[in-house]
Each structure stands twice: as structure tokens, then as C-alpha cells.
Amino acid sequence: MDVLRRLSISERLAALAGLAATIASLAGFVPGLYRDPRVVVAQSHGYDAGNLFVVIVLGLALRASAHGSLRGRLIAIGALGCLLYGYVTYAFLIVLNPATLLYIAVLGCGGWSFAAGLASVDERETEFTIGHHVSRRPTAIFLLVVAALFAFTWLGQIIGSVMSGQLPAELTAAGWPMNPVFVLDLGFVLPLVGLAGVRLLAGRRGGVRLAVPLLVFLPLLALTIVAIAVSGATDGQAFEPVVVVIFAAVALMSTGLGLARARSSAAERQ
């Protein structure tokens, strides 16, 4: 209870989003909850497992933030962003089911958390406290490569579909008219990743403030996608080792670069 009293309004909203995501993820394993095609149900189970891990990270980060940790706040931003990313699909494309209101609650509470100021971190404080502990050039190059790789991949799929007049096979199997990943990545995530990389490379303010949450967001999302692939394979779907290797590599590299954050704890206590 003492921790809850220490949380700001934005952090309490983030905690509510995490609670809703926990209940929704656990409910996802109840037989018959999902009313979607089998391929979607199997992948959703992987996403549910990944989301539970994300919620744990979010909870630990919020606890640290409640005790004044800037690093905890930045980690919470990345973890909450990962939940919002996933629950866009749940809220807009998963067939209406008893957990639908929970999906909406995750998006609503998470979105209002950002609006209430969760992501309003002071640039100067971030640079002073954490800036010297971030490997700027390697991190910048990594972020720019990730942004370029996935931008070209998704654009290639969109252009190929438009030119052929056929939906990508995974959309046809799921019965979806559109892949929300195209919208989220091309419209929001990849521009942020690219901006963070450019600012870090140029030594401009704001690069660290963007990069640290992204170094949390990317491995959490990558591990969730690996869980989706494994869950689908256990249901008899085609296993794509290349996809698993790529996202596992993204998770490992971003986690490795993010380990520099741990060294900032001593600076935070000064």
C-alpha cells in the first residue's frame, strides 16, 4: 500500500493497465474464450504468455519509479508501450469475447497514463543521470538498422500485396483485412526508433530519453513474438526458424546494449 501511495496518477493508470492485461492474459488460456480462427487462437496464447512477462517488468519498474528511480520510470515507459502495442490488435481485431472490456481497459488506462505524464521525463536529468552510461554509437547504429530492416520488410509486403491484388498469406489465414503491425511500426514505432538513433549519433538531447525505453520495448516485443511462433508451432502451424532467429537476435542485442542502464543506479543515488 505504501508503494501505491507513492505512485503518481500516471503511474497508477499504468498499474491499472498492467492489472487489466494480467487478467486478460490469464483469461486467454480459458478454453473457449477466444472465438477466432484456430491459427489466431494459438498465436494469441503465445502473446498472452509474453504479456504476462511484460506485466512483471512493468510492475517492478513502477515499484522502482515510486521510490524515485528515473531508470525505473524509463523502463516502465518501455514496458507499458509494449502492452499498448499488443493490445491494439486485441482491441480491434480479436473477435468480441468476455475479455474485450479488459482489452479496452489496457488501451484506455495505458493511453491516459502517457497523457497524464508518464513519458514526460526531463531531458537534462536523463542526460545527467543516465547519459554517460549509454553506449551511444553502438546503440544508435543498432536502432537505425532495426528501423531500416523492418521498414523495408513491411513496405515490401505492402507493395507486393498491392501489386498482386492478394492479401499476404498470414492475413488470409487469420481472416484479417489488414495487419496492425504495418500501422503501428510504420506510423509510430519505427519513426521513434530512427529518431532515437539519429539523435544519439548526432549527440543531440533527447536521444537517451528515447533510446532507453526503446531498449526495453524492443526485447520485450521480440521475446513475445518468439513466444507467438513457438505457440503456433505447438499447434501444428509452420515453424519459421528465420523469424525466430531474427527476433531472438534483436532481443539479445537490445538487452546487451541496455545492460549499460544498470550502471546508472549508482549515479541515481547521488
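Author: The side chains of D235 and R38 meet in a salt bridge, with N and O 3.1 Å apart; the term stands for a side-chain nitrogen of Lys or Arg within 4 Å of a carboxyl oxygen of Asp or Glu. This pair links distant parts of the chain, 197 residues apart: D235 sits in the loop between α10 (207-234) and α11 (241-258), while R38 belongs to helix α3 (residues 38-66). Helices here are DSSP runs of H or I with at least four residues, strands are runs of E with at least two, and both are numbered from the N terminus. D235 counts as partly exposed at 25% relative accessibility, whereas R38 is exposed at 61%. For these words, buried means under 20% relative accessible area, exposed means over 50%, and partly exposed lies in between (1.4 Å probe, protein chains only).

Please keep in mind that this is a predicted model, where local features need pLDDT of at least 70 and side-chain atom pairs count only at pLDDT 80 or more, while totals for chains, interfaces and linings use all residues. Residues are numbered from 1 along each chain as its sequence is written, and side-chain values use heavy atoms, leaving out hydrogens and water.

Now to the next pair. R209 forms a salt bridge with E123, and their closest N and O atoms are 3.0 Å apart. R209 lies in helix α10 and E123 in helix α6 (residues 123-129), so this bridge ties together parts that are 86 residues apart in sequence. R209 is partly exposed at 30% relative accessibility, and E123 is partly exposed too, at 28%.

E127 and R136 also meet through their side chains in a salt bridge, at 2.7 Å from N to O. Here E127 is buried, with a relative accessible area of 16%, while R136 is partly exposed at 26%. In total, the structure holds four salt bridges.

Buried residues make up 49% of its 270 residues. Among contacts with a separation of 6 or more, 79% join residues 24 or more positions apart, a contact being heavy atoms within 4.5 Å. Along the principal axes, the C-alpha atoms fill a box of roughly 55 × 45 × 30 Å.
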